[in-house]
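Subject: Two-chain model, handover and notes

Hello,

I am passing the structure below on to you. My notes on it follow.

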Amino acid sequence: MEVTINKQDNKTLVSLNGRIDTSNVEKFQHDIEPLMQGDNPDIVLDCSNLTYTSSQGLRMFLMLQKSVLARSGKMVMTNMRPQVKEVFDITGFSNIITIL
Amino acid sequence: MTKKRFNPIKDKSSEIIEFLMSSPDIPDDDALQFKLRLSIEEAVDNVVRYAYDGGIGWLEVGTNIDGANPVLTIELRDAGIKFNPLDHEDPDISLNAEERQIGGLGIFLCKKMMDSISYRYEDGNNVLTMTKKLN
C-alpha cells in the first residue's frame, strides 16, 4: 500500500495505491497519521488504485472520518472500485463517509 | 480436502491466507476470490488475535468442494480458548460516524460475503466452517 499526500489550497489530496490488510495496516495507520491533525481537515481520497480492504482498513477510514468531523472538516472518497465499494455498502460505511 | 496446520501468529497470517487462496478448490474468478480472501482474512485474523491469548498453538485450515451443485467449504480448526465468534452481536450499521464503534466488523463481513458460516466446539477444538455455492 502506497499513500501519496499532496496539499492543495485548503484541502489535502490523498492517493491510495494497493491493498490494506492485516499485514500492512500498521504501516497504513502510520502513513495517514498526518491527516489526523492540522487546521485544514478537508480530505479527498482517490481510491482508483485501492484494490482491497479488510475490516482493518475500514477501522482506519472510520478513525480518519471521526478525526475530520471532530475538526469540522469533510472527507470524500472518490473513484472507488466496485468490489471495494461493496465492502463499504455492506458495512454501512457508505452512509457515514461520502463516496463520489 | 486440502488442509495444513500453522502456528497462528501475526507474522504467519499472510502465509495462511495464501495457502487457502492457492488451493485448487478456489475458482479462478476475481470477484469471487475477493469475497473469499476477505472472509478468510477476517476468520484467520480472529484466531490469530484471540485463540491462544498470545501463547503457542495451532490453526488447521482447509478447503473442500462437495456435490453436483458444487459448494466450496473453508474450515478453520484450533485448540485455543473456547470462543464462538458468531455469538457477537452484529454492528449497528445505521449509526452515524461519531456513534460507530471502531471494530466488530470482521466476522460480520464473513457472514455477508459467504453463503453460510457456522461454529461448533468439537473434541476441545473451535471449528469454524464457511461455505459458498459455486456457479
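Two residues are in contact if their C-beta atoms, placed from the backbone, lie within 7 Å. By that criterion, 18 residues of chain A are in contact with 21 residues of chain B. Please keep in mind that this is a predicted model.

Interface, chain A side

On the side of chain A that touches chain B, α2 (55-70) and α3 of chain A each supply at least two residues. The largest share, eight residues, comes from α2(A). Sorted by class, this side of chain A has seven nonpolar, eight polar and three charged residues.

Chain A

Chain A has four helices and five strands. Starting at the N terminus, their order is β-β-α-β-α-β-α-α-β. The radius of gyration of chain A is 12 Å, close to the 13 Å that the globule rule gives for 100 residues, so chain A is as compact as a globular protein of that length. The C-alpha trace of chain A spans about 30 × 25 × 20 Å along its principal axes. Buried residues account for 36% of the 100 residues of chain A. If contacts in chain A are limited to residues at least 6 apart in sequence, 72% of them join residues at least 24 apart.

One backbone angle in chain A may be worth a look. Asn79(A) has a positive phi of about 55°, although Asn79(A) is not a glycine. Asn79(A) sits in the loop between β4 (75-78) and α3 (82-90) of chain A. Asn79(A) counts as partly exposed because it has 14 C-beta neighbours inside 10 Å, and the partly exposed class lies between the exposed limit of 12 or fewer and the buried limit of 20 or more.

Chain B

Chain B contains three helices and five strands, and along the sequence they follow the pattern β-α-α-β-β-α-β-β. A compact globule of 135 residues would have a radius of gyration near 14 Å, and the 15 Å of chain B agrees with this. The C-alpha trace of chain B spans about 45 × 35 × 25 Å along its principal axes. Of the 135 residues in chain B, 30% are buried. For contacts in chain B between residues at least 6 apart in sequence, the share that joins residues at least 24 apart is 65%.

The sheet of chain B

Five strands of chain B form an open sheet in the order β1-β2-β3-β5-β4, with antiparallel pairing. Its edge strands are β1 (2-6) and β4 of chain B, each of which pairs on one side only. On average, neighbouring strands of this sheet are turned by 15° against each other, direction ignored.

Strand β3 (residues 71-78) of chain B pairs with β5(B) in the antiparallel sense over eight bridges. Glu75(B) stands opposite Thr129(B) in β5(B). β5(B) also pairs with β4(B), again in the antiparallel sense, over seven bridges. Arg120(B) stands opposite Val127(B) in β5(B).

β4(B) is hardly covered: the count of buried residues among its seven residues is zero. The hairpin of β4(B) and β5(B) has two residues between the strands, and Asp123(B) takes a positive phi near 50° there. Asp123(B) is not a glycine either; its place is in the loop between β4 (116-122) and β5 (125-133) of chain B. With 7 C-beta neighbours inside 10 Å, Asp123(B) counts as exposed.

α2(B) lies across β2 (59-66), β3 and β5 of chain B, and runs at about 15° to β3(B). In soluble globular proteins, nonpolar side chains tend to be buried together. Here, the largest nonpolar core has 50 residues, and those with the most contacts inside it are Cys47(A), Ile40(B), Ala43(B), Val44(B), Leu76(B) and Cys110(B). Helix α2 (residues 30-50) of chain B gives the largest share of this core, seven residues.

Which residues does Val44(B) touch, not counting residues up to four places away in sequence? They are Ser13(B), Ile16(B), Ile17(B) and Leu76(B).

Regards

Methods:
Residues numbered from 1 in each chain as written. Chains lettered and ligands numbered in written order. Predicted model: local features only at pLDDT ≥ 70, side-chain atom pairs only at ≥ 80, totals over all residues. Rg over C-alpha atoms; globule rule 2.2 N^0.38 Å. Core = buried A, V, L, I, M, F, W, Y, C linked by C-beta atoms within 7 Å. Nonpolar A, V, L, I, M, F, W, Y, C, P; charged D, E, K, R; others polar. Pairing = 2+ DSSP bridges. Axes fitted to C-alpha atoms, helices over the stretch in contact; angles between N-to-C directions.
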